[in-house]
Amino acid sequence: MNQQRAKQGQLGEQRVPGYNLVDEPWLTVRPANGGPPVKLGMAEALARAHELEGVVVEFSTQLPAVLRQVLLPVVADATGAPQTLREKGDRLTREGGFTKDELDNLQTYLDEHRAKFDLFDPVAPFAQVAGLRTAKDETKGSAALVATAASGNNVPLFASRTDADPLDLTPAQAAHWLVHAHCWDTAAIKTGVVGDPQVKAGKTTGNPTGPLGQLGVIIPTGRTLYETLLLNLPVTPTTVLGIPQWKRGPHGPTWESRAAKGLLDLWTWQARRIRLIPHQDDAGQLKVARVVISAGDRLTPMPEQEPHTAWTFTAPVKKSASVLPERRPRRHIQGKAAWRGLEALLAPNRQTTDGFETSVLLDEASALQELGKLDADYPLQVETFGTVYGTQSAIVEDVIHDAIPLPLLALHQDSEARQLLLDVAEQAERLAQAVNNLSADLRRAAGTDPIPWDKGQRPGELLLHTLDPLVRRLLAGVRDAGTDEDVLDRGRLAWEQVAHRLAWDVANELLLAAPATTFGGRTLDQSGKAGKTQTYRLGTAGANFRQKVNEILPRHADAVREAAAARAAEPGPTPDSGPDSDPVPGADFDY
C-alpha cells in the first residue's frame, strides 16, 4: 500500500474528486452564543461571521496562516480594505456583520474565483503548483508538511510516530498544513524539481523560513469572527492593496526573490512550491499521504507595512544625524508570557528613536477608541504566535502561543492604565531577579556556586509563573476600570499586596531549605577587587531581600508602615507585625 501511494506522485496519479474550500466544511468554528464547534465552508463561515466566536485550529500557529492566506485576503479583495479609520470603525461596530451589499460582493467574488480554491484542481490547485515533480518522480510523506510530525531531522520529543509511519491527512487537515507551510516552514534544504533553473545537485539551499517564522506575530481578536476580521484589516489605500496569489495565475516550479507587491501579495506569499497528492482509501475517503515540497519565493526585504508584528529600533553602528535607527520585526522570546513584552505591545506606532513600535493594528485600535468607535472597556484580546527553530533553522524546536486581554486605554501613550501595566510588568521582573539574588546569596553562604542564568531552573522563574494568573486578572481589571483613577489606584495597591505575599512565599521556601552552615556564612574575595571580601550568610541575605522587595513595591511598604503606625496609636497592647501581617486597608481591587 505504501509503495502504491509513493507512486501516486507520478504523472499517472489516481484521479480523485475535487475539494473546494468555498463550500467544503474545512473550517472548525465556535458559535458566539455557546455550544459545540461546527464545521463550515469558507462562504458560510464569512456569511455567519457575526454569529461565530472564532476559528478553532488543531495547532496554534495554523490560526494566523488561515487568516492571512485565506480569510483576510478574500474579505479585503471582495469588499475592499478600509480607506480611513472612521470607515474601519463604522464597519467594525456595525450590527449584524457584513451588509447585504458586502455579502453579495463576497458571494460574487467566491463564485467568480471558485475554481481557484479547489485543493485538487488539476490545472491550478489552491496554493500549489500543478504537476510539480522531481526528476525521478519522488515524493515525501505528508509528515513533511506537519510541524508536529516526525519528518527527516525534525523529530519532536516523545513523538508517538516515526518518519516511516504513513500519515493520512484529511483534505481539511491538508488545507490547514498547506497554508501553515507557506507561513512557517523551516529553512531546511528543499527538493529540487523539474523546471527550476536554480536547482543544484537535485537540491535547493539557502531557503529562509516562512515569512511568519521571522516575526513575533500579533493577532488582535474581538468578540466575534467578524470583529476579528475587521480588527486585522489595516487601513490600506486601494492603490497599494495589491492582489492575492490566486489572481496571479498558475505558478510554475521557478521562484524568485522580490519585494511584496501590496498587502494581499504579502498575506498570500508563496514561500514554497507545493503539490498535495490525494488518493482515496479503501473506504473511498479522500486523503493526502504524499506531497512534493520545493523552494518558493523569497521575500526581500520584510516590508514596512507588515501589520502583524511589533518592531524594535536599534541604533546604527555609526552615529549620524542622517542615519535613522534600524527597524526590525520583534520576535517573541521562548518561555516568556505575552504580558512580559508589554513594553513593545504598548509602544505607540510613531517612534523614531531607539526602542519599540507596536503593531499598526493595535495602534489603529487605540485610535478607534479615541474616535469613540470602540468603548474603553471593549474586550480586546491579543494572541501572540512564534516559532523557535533549531540547527540552522532546519527544524522546529518549539512553538510560542499566548493570549492576553489588552485594555484599549493602555495603548494611549500618556494614560494611567498604560503606566500601571508597564510598572507591573517591570515590578514582576525585578521581583524575580530579587528572588534569584536571594538564591545566589544563600548558595554562596552554603559554599556552592549560584545557578547559572542559562542553565537549570532558577527560582525567579517559579515566581513569574506564580504571578502569571495575577497579572492576567489585573489586565482584565484595568480594562473594566476604564478611566476611573480611584479604581486603578486600588488596583496598584492590591497588585503590590498580593505580589509581596507571593514573592515571600517563594523566598521562605529558599530560606527554610538553607542548611545550618548558612547561619555562620562564608567570606569570599570580591571578583576584580583586590583585597576586598564579602560575607554571605542567611540573615544578611534575608535582610537584603526584604529591603529590595520594599523598594520594588513601595505602595505596599508605605501602606504597611501607615497601618502599623495607626495600630501603635490605638490604646491597648500592640500586636506583633511583620512584612506579611495584616491586610492593607483599601486594597479591594477584584482579584
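Okay, let's start at Leu 342: leaving out residues up to four places away in sequence, Leu 342 touches Ile 404, Leu 406, Leu 421, Leu 422 and Ala 425, where a contact is heavy atoms within 4.5 Å. Quick caveats: this is a predicted model, so to speak of local features we need pLDDT of at least 70, side-chain atom pairs count only at pLDDT 80 or more, and totals for chains, interfaces and linings use all residues. Residues are numbered from 1 along each chain as its sequence is written, and side-chain values use heavy atoms, with hydrogens and water left out.

Now the core. The largest nonpolar core has 145 residues, and Leu 342 is among those with the most contacts inside it, as are Trp 26 and Phe 126. By core I mean buried Ala, Val, Leu, Ile, Met, Phe, Trp, Tyr and Cys residues joined through side-chain atoms within 4.5 Å, buried being under 20% relative accessible area with a 1.4 Å probe, protein chains only. Helix α11, residues 416-446, gives the most to this core, 13 residues.

Three strands form an open antiparallel sheet, in the order β7-β15-β16; pairing takes at least two DSSP bridges between two strands. β7 (217-221) and β16 (395-405) stand at the edges with a single partner each, so one side of each has no neighbour in the sheet. Between β7 and β15 (residues 381-390) there are 5 bridges, and Val 217 stands opposite Phe 385 in β15.

Methods:
Buried means under 20% relative accessible area, exposed over 50%, partly exposed in between (1.4 Å probe, protein chains only). Helices (H or I, at least four residues) and strands (E, at least two) are DSSP runs, numbered from the N terminus.
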